[in-house]
Amino acid sequence: MDSVKSSALTPSKSKLARTITKVLHIRALTGVAPVHETRKVKPQEKISDDCTASKSTGSLSESFDSMEEEFQNRVQLHALLAKLFASISSVKAAYAQLQFAQSPYDAEGIQDADHYVVSELKVLSELKQCYLKKQFDPSPETTMLLAEIQEQKSLVGTYDIMGKRLESQARLKGSEITFLREKIEEIKKQNRLLEKSLDQSGPIPVTGDLHLSGVNASHFIKVLGHTIKSVRSFVRMMVDEMKSAGWDVDAAATEIEPDTFYWHNDHRFFAFESFVFREMFDSFHQLNFSLPNESLPEKWKQKQFFFARFMELKLRKTKDFLSQNPRSTFAKFCRVKYLRLIHPKMESSLFGNLDQRSLISSGQFPDTTFFGTFAEMARWVWLLHSLAYSIEPEASIFQVRKGSRFSEVYMESIIDEMYLSPDFDPVVAFTVIPGFMIGKTAIQCRVYLSQ
């Protein structure tokens, strides 16, 4: 009986033992402590680390989401700014169009530009509201590209309007240039007519009852004007003869005034004028005027003497006076000046011989156009000298040295101001026409300005 009971109970005990062992094994794996113990086992620590890592991963995910949102906000704000700058460029282009339509006046163009300005100002107002309400564009990349395109179009429109305005100004300047050229041609024609009438008139247009007491600076200025014209007529003839003889006129001008910068090739003509004026007015400051052997009256009679010399020749034609008075002081003056001004090699080159020089040296005067023009020039220079010592106070001559700074008080530029730039510091290259002082009155010398 007992054995039966014992054998019957053994399987149950084995089964219970296996169950307890299994439970203990599970506890060991899960880290759950028995009721009697509170210590945590190592597997429990591993599970705790895994939970911390899980929490950290969640925090990083939230941080990335926040950064992405901030980046998106910045991109949207940049898109809004791009639209703002594009709209401002459009306003500038519209304003430029409005200005262009005002001159010349274009009513339709002004109205269109005005509507354009108003519409762009409305766009700016809308952009302001979008910024205040945080209403950004959902596609910022596309918006920025469109805004850049709009800004470039506005810039192109602005430059196009500026180009049209410059073209309009160029046309206006062209019209002004054409008008001024026509005016210059008209003035040249008038000058040629005046020169022709002066050449035909011969005597000075001064009344015959002129007295010494009535001679003043205005008479001197009038005679000086005739003198300048006569010198220019002779220089023009001389240069034409040089060209006909095959001279290198530019090289000759360089020999007269070396190291001179000319604004225009035609300005080399002034070098020849300067040379002739310099030779003809040499010794002008002396009473005997290049004739040292000529006797002069006492000082108190000198004004009457020079005034009588002036009156003697002023109403006479040069050719007639020389033929009738070949031994006069004026005839001697013509000989001296011609022989000094016209070099033998130059005369031989121009005319193929020295016949005119030989006649003049022998006391005669050739009947040629070249000498006739020279003698007319010499007459005016002689009359100017006689008048300079007839007036009270006497006239004194002056000229300016090369390299001197330009002074409007004593100098006048012989070239047009169009050749001189605003930032140009005028420097005298050479004196073309001498100046004169009559008391405190200055008759400006005429100079060529260069770099």
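These notebook entries record what I looked up in a predicted model of one chain.

**Conventions.** I number residues from 1 along each chain as its sequence is written. In this predicted model, local features need pLDDT of at least 70, side-chain atom pairs count only at pLDDT 80 or more, and totals for chains, interfaces and linings use all residues, while side-chain values use heavy atoms, with hydrogens and water left out.

**Confidence.** I looked first at pLDDT, the predictor's confidence in each residue, from 0 to 100. The chain has a mean pLDDT of 79, and 79% of its residues reach 70 or more. I then turned to the helices and strands (DSSP runs numbered from the N terminus; helices are H or I, at least four residues, and strands are E, at least two). Confidence is lowest in helix 1 (residues 2-30), with a mean of 45, and highest in helix 7 (residues 269-280), at 96. Residues 1-13 have pLDDT below 50 and, beyond near neighbours in sequence, 0 contacts (heavy atoms within 4.5 Å) in the model. For residues 23-47 the pLDDT is also below 50, and I find 6 contacts beyond near neighbours in sequence.

**Backbone.** Most residues other than glycine have a negative phi, and most peptide bonds are trans. I noted a cis peptide bond from Glu392 to Pro393, with omega near 0 degrees. Pro393 lies in the loop between helix 13 (369-388) and strand 1 (395-398).

**Two serines.** Ser283 has a positive phi, near 70 degrees, and sits in the loop between helix 7 and helix 8 (302-314). Ser283 counts as buried because its relative accessibility is 13% (buried is under 20% relative accessible area, exposed over 50%, partly exposed in between; 1.4 Å probe, protein chains only). Ser290, in the loop between helix 7 and helix 8, has a positive phi of about 70 degrees. At 13% relative accessibility, I record Ser290 as buried.
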